[in-house]
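Reader: Hi! Could you walk me through this protein?
Author: Happy to. Here it is.

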Amino acid sequence: SQLGVVFFLFVIGLELDPRKIWSLRRYAFGLGAPQVIGTGLAMMFYWHFFAPSWSLALLLGLVASNSSTALVLQLLKGKGELEQDYGQATLALLLFQDLTVVPILALLPVFAGTGSAESFVWWDVLYPAGAMIIMFDVGRYLCPRLLRLAVAPNFDETFTAILFIALFGGAWLASSTGLSMAMGAFIAGLSLGSSEYRHRLGQEVLPLKNLLLGLFFVSVGLTVDLSVLNGHIATILLHVLAIVVFKIVVLYLAARAMGMQHGAAARMSFLLAQCSEFAFVALGELLALGTETQVQFSIGIIVVAATMIMTPWLNAIGILWSRWDSPLALKRMDSP
């Protein structure tokens, strides 16, 4: 099911211009850093009531600060809003969140109390970054030449093979360096986005993308163990409400502080109020380290899945709230 996200992020990368991505760095760092740090710290104080230490509470807060790239981009792309200003800002913010996965995973044993700070080395961060730069250069300069060689004699099978080698090669390289497969596929697609074969590449992967992305959404529902609801439903609802409210408030304030209009800030804050697929990985790591019990793990999985399932409804509320000030503004204009 994770291949659905891989194919989806590859298609998103194909449709973007690398120069446009670079132009979004203001949103990525100016909005992404305050959102991740602000949400992480705010959630830390909440999780401290349930976690045995401040460091573990901070870890859970940082994990909760990430949002689902697959769900959010699918909604924006389906509505044709990815090219709008708040859509581009949302994309930049999601990319920044994906980059935070590496240091969070590298420091996870330290936050969980099962490792020491001396075990963390900068190589754990620099190595993935260097690998992604090399992969982008290979995809931008080498792959288009190979595709051109395959197109000249009309070798369709060779063209498809080069495409999938680039896609899965990028996903594998990212996964082997600690990044998500989806991030590697996005870099691979972004590197091929300036190729003259961009549209043909998209048509080749579109059927598989639609099929596997649907499988991903089914798998999210399969992770929910409804038997845990018995006796813990109040705790689960409290956690879901806390995550959604904290993320909406922090992101809305950060967006407004950057000068974004109310409408765009409202859409972004509600659209990114869910947890990400990365939370499943982090909870699994904590279970393997013995930091949490099986019941706590199951409760966490249900909470994460619930926030993701709520995404379409949260987006609908965000649309309504983004339009809230318009009738009031018109009323003020008409009044004497």
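**Starting from one residue**

Author: Leaving out neighbours up to four places away in sequence, Ala-28 is in contact with Ala-33, Ala-92 and Phe-96. Contact here means heavy atoms within 4.5 Å. This is a predicted model, in which local features need pLDDT of at least 70 and side-chain atom pairs count only at pLDDT 80 or more, while totals for chains, interfaces and linings use all residues. Residues are numbered from 1 along each chain as its sequence is written, and side-chain values use heavy atoms, with hydrogens and water left out.

Reader: What is pLDDT, and what does the protein average?
Author: pLDDT is the predictor's confidence in each residue, from 0 to 100. The protein averages 82, and 90% of the residues score at least 70.

Reader: Where is confidence lowest, and where is it highest?
Author: Helix H18 (residues 325-334) is lowest, at a mean of 46, and helix H13 (residues 233-257) is highest, at 94. Over residues 326-336 pLDDT stays under 50, and the model has zero contacts beyond four places in sequence for them. Where pLDDT is low, the predicted coordinates should not be read in detail.

Reader: OK, how many helices and strands are there?
Author: There are 18 helices and zero strands. Helices (H or I, at least four residues) and strands (E, at least two) are DSSP runs, numbered from the N terminus.

Reader: Back to Ala-28. Is it buried or exposed?
Author: Ala-28 counts as buried, because its relative accessibility is 12% and buried means under 20% relative accessible area, with exposed over 50% and partly exposed in between (1.4 Å probe, protein chains only). Ala-28 lies in helix H3 (residues 25-30).

Reader: What about the largest nonpolar core? Which residues touch the most other members?
Author: That core has 89 residues, and Tyr-27, Leu-31, Leu-59, Leu-73, Phe-186, Met-260 and Met-268 touch the most other members. A nonpolar core is a set of buried Ala, Val, Leu, Ile, Met, Phe, Trp, Tyr and Cys residues joined through side-chain atoms within 4.5 Å. A second, separate core of 22 residues includes Phe-10, Leu-147, Ala-188 and Tyr-197.

Reader: What does Leu-31 touch?
Author: Not counting residues up to four places away in sequence, Leu-31 touches residues including Leu-93, Leu-251, Met-260 and Met-268.

Reader: Switching topic: how many salt bridges are there?
Author: The count comes to three, where a salt bridge is a side-chain nitrogen of Lys or Arg within 4 Å of a carboxyl oxygen of Asp or Glu. In one of them, the side chains of Glu-81 and Arg-267 meet (3.2 Å, N to O). This pair links distant parts of the chain, 186 residues apart: Glu-81 is in the loop between helix H6 (69-78) and helix H7 (85-106), and Arg-267 is in helix H14 (residues 262-271).

Reader: Are those two buried or exposed?
Author: Both Glu-81 and Arg-267 are buried.

Reader: And what does Asp-156 pair with?
Author: Its side chain meets that of Arg-200 in a salt bridge (3.0 Å, N to O). Asp-156 lies in helix H10 (residues 156-176) and Arg-200 in helix H12, so the pair ties together parts that are 44 residues apart in sequence. Asp-156 is partly exposed at 36% relative accessibility, and Arg-200 is partly exposed with a relative accessible area of 28%.
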